[in-house]
Amino acid sequence: MGALVRAAAVVILTGATILGIAAPARAGGPGESITGDFNGDGRADSAVLTAVAAHSVDCQITVSASGEPQRTYTYLSLADGQYCPDMGTAAQVDGTGPDEIVLGWFAGPPPSIDYELLTLQLFAVIGTARAIWQPCFLGRADFNGDGRDDLYEWTDQGEGYRTYLSTGTGTFEPGPQRHPGTPSQLVIRDLNHNRAMDTLLSYVDYDASGVAVLLDGGSVQDLQRDRTAGTSWTVRVVNVNGDRYPDVLTIDRNTHRRTYFVNTGTGRFVRVPGV
């Protein structure tokens, strides 16, 4: 199924920065350039995924680094008729040195490939992992507070939203944060101040819609839910009571009703009556 058919409108927030699907930083959807520090000089570089087909298909990445000539690297060769990764993110999967690059396939990997993600270090493959088959978006955040970048993906093909924890070697294991809903909005934020990122998720599916909080340990709290999917909500991180913990505002897209939820300090939220 083509990108124009599958790509849903979603807004992703990391910390206080709003990232739209069209121009994310370091992470993205199909066909987008990848930004990161690929040579360890502390400056932003960019990389573009390409492919060269002859008797086989060479998957290549072209890197433009600050102060260096543009270089192209072949990182994977596939049989004729196969197709290369077309989406990715820069990530500090081992916590040191230049950024690694994690790649995936928007349409799912070709039949000859038995993994959904591959990690490049210095533009060579160092690891692979199983993940969502047809992701719409691939991003990075530290979901367990170990100082290494982990991954998150979402899709509109039934697997919803999932996280993957870095092993530090270029491979990833399924993380505890996951939700079956298709996101319309994501907030990646440390909601309980334990240095591990949590997820605030607004979602809309054919049979349900709602707002949910996913904590780094895997617990899920539904803040809003409509089992008929008759309405949906936008979400904002706010500070209702002036403490240091982030609270949540949900806005009904149909009625525009605002509902506030106060953070108890543990990442659990309590609805504020009469506000």
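β4 and β5 make a hairpin, with two residues between them. Quick ground rules: this is a predicted model, where local features need pLDDT of at least 70, side-chain atom pairs count only at pLDDT 80 or more, and totals for chains, interfaces and linings use all residues. Residues are numbered from 1 along each chain as its sequence is written, and side-chain values use heavy atoms, leaving out hydrogens and water.

**Exercise 1.** Work out how β4 pairs with β5 and with β3.

*Solution.* 
- Start with the terms: strands are DSSP runs of E, at least two residues, numbered from the N terminus, and two of them pair if DSSP finds at least two bridges between them.
- Take β4 and β5 (residues 56-64): they run antiparallel, with eight bridges.
- Now go to β3 (residues 34-36), which pairs with β4 (residues 45-53) in the antiparallel sense over three bridges.
- Zoom in on A47: I34 has it as bridge partner in β4, while V63 in β5 stands opposite A47.

**Exercise 2.** Are C59 and C84 buried or exposed?

*Solution.* 
- Buried means under 20% relative accessible area, exposed over 50%, and partly exposed in between (1.4 Å probe, protein chains only).
- C59 comes out at 0%, hence buried.
- C84, at 11%, is buried as well.

Methods:
Helix = DSSP H or I, 4+ residues; strand = E, 2+ residues; numbered from the N terminus.
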